[in-house]
Amino acid sequence: MNGVIGLLGTLALLLAAGGAIGLIDRRGFRPGWLLVAVALVAANDALLTRAYRHIPDLIPAADWNWQGKLLALALTLLVAALPAFGWKRVGLTLRQARGSLTAALPVALLYCAFFTALALYFPDDPSSAEEIAFQLTMPGLEEEPFYRGILLFALDRAFTRRVRFLGVDWGWGALLSCGLFGLAHAFGYSAGHFSFDPVVMALTAIPSLLAVWLRLRTGSLLLPILLHNFGNAISLML
């Protein structure tokens, strides 16, 4: 029940923020796509939690949520295959935009340096082989195609105004998708009240802006996926 209430809180924040932006910029606002984004967040959360444990656990021996991640990834790939989305349009392509790697590689190195510094400053306890395998694969493979793929695509359709900055066209969708990514880690409900951790929010939402820039600059999710898994796993291997 706590998870459901936390999800409803997140969806309410998305609708409130999206509605406020829509009122400010009515010409660039498509409310139908905002509702699509809300539905995507709800469906993603339901599958990650195995519909709040109503779906049978088919990998009971695992300590990590392989099944929830795989279910959520399957839905993301299914949505990406729909004509209204399209795999290439959401970034599910290995092809990098011409000339983009020259600009992208320094940003990728900055991303790696940030998480390496965090790993050195906040060392983890010894990790199991399963944890290392999970962190090297699932976070990037599931979260990037969702947050920087189909969710970003839907929010960019909901808010069409763009501002050119640092070589890419930014919209409200980029900021909202990063905010939602941060909230997924920092916002929740338990013991009868909502909780919010601003440090966790900053450590997730801010790096995700780099991932969005890489996605927009290269036209591909390849680098964001690789870097996401690096960021999650580096502390386990140092």
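Buried here means under 20% relative accessible area, exposed over 50%, and partly exposed in between (1.4 Å probe, protein chains only). This is a predicted model, so local features need pLDDT of at least 70, side-chain atom pairs count only at pLDDT 80 or more, and totals for chains, interfaces and linings use all residues. Residues are numbered from 1 along each chain as its sequence is written, and side-chain values use heavy atoms, with hydrogens and water left out.

Q: Which residues of H2 are buried?
A: Helices (H or I, at least four residues) and strands (E, at least two) are DSSP runs, numbered from the N terminus. In H2, the buried ones are Leu34, Ala37, Val38, Leu40, Val41 and Asn44. They sit on the same side of H2, because their arc around the axis (taken from the directions from the helix axis to the C-beta atoms) is only 160 degrees. What covers the buried residues of H2 includes helices H1 (2-24), H4 (66-80), H7 (138-158) and H8 (172-186).

Q: Is Ser195 buried, partly exposed or exposed?
A: Ser195 belongs to strand S4 (residues 193-196). Beyond its neighbours within four places in sequence, Ser195 is in contact (heavy atoms within 4.5 Å) with Ala186, Phe187 and Gly188. Its relative accessible area is 33%, so Ser195 is partly exposed.

Q: How many disulfides does the structure hold?
A: A disulfide is a pair of cysteine sulfur atoms within 2.5 Å. For Cys112, the closest cysteine sulfur is in Cys178, 18 Å away, too far for a bond. The count of disulfides is 0.
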